[in-house]
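Have the coordinates open as you read.

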Amino acid sequence: MGALPVFRWRLAPDGYATRRQLRARGLRPGGQDVAAQLERPRRRRGPLVAYLYRVEDAKPVRPMTPAKWAALAKANTARRTCPECGRDAGYVIPTSLGMCTTCAYPDESAA
């Protein structure tokens, strides 16, 4: 495998896309290797790099199955459930606290 072609930021030719751009079109890389890369120069640091994939080799995104939807809902519920009081906080529990704000700051909620 040879070296990847490198393009300047915003100057990639048509036919290449990042993962995010593929996803916006309803596509995924589909197992293909990185075809090229973009580099955005920065001062005092190394360049920002974005990997590009060929659009014609991309495959459609796999549809969500009922089992995937159920697993996603279960995971999101677990992220909202406080391990201290066991209630659904109504928001994702911050990992920095590890519990809902009511349990983390009990004095402030009573005021």
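A search of the whole structure turns up zero disulfides, a disulfide being a pair of cysteine sulfur atoms within 2.5 Å. C85 is in none, and its nearest cysteine sulfur, that of C103, sits 3.7 Å away. For C100 the closest cysteine sulfur is also in C103, at 3.5 Å, which is too far for a bond.

Before going on, some ground rules. This is a predicted model, where local features need pLDDT of at least 70 and side-chain atom pairs count only at pLDDT 80 or more, while totals for chains, interfaces and linings use all residues. Residues are numbered from 1 along each chain as its sequence is written, and side-chain values use heavy atoms, with hydrogens and water left out.

How open are these residues to the outside? Buried means under 20% relative accessible area, exposed over 50%, and partly exposed in between (1.4 Å probe, protein chains only).

| Residue | Relative accessible area | Class |
|---|---|---|
| C85 | 32% | partly exposed |
| C100 | 4% | buried |
| L22 | 0% | buried |

Now for the chain overall. It has four helices and six strands, running β-β-α-β-β-β-β-α-α-α along the sequence. Helices (H or I, at least four residues) and strands (E, at least two) are DSSP runs, numbered from the N terminus. The radius of gyration is 22 Å, whereas a compact globule of 111 residues would come in near 13 Å; that value is taken over C-alpha atoms, and the globule rule is 2.2 Å times the number of residues to the power 0.38. The C-alpha trace spans about 60 × 45 × 25 Å along its principal axes. Of the 111 residues, 18% count as buried.

What about contacts, meaning heavy atoms within 4.5 Å? Taking those between residues at least 6 apart in sequence, 49% join residues at least 24 apart.

Apart from its neighbours within four places in sequence, L22 touches A17, L27, R28, P29, Y53, V55 and A58.

Terms used: Contact = heavy atoms within 4.5 Å.
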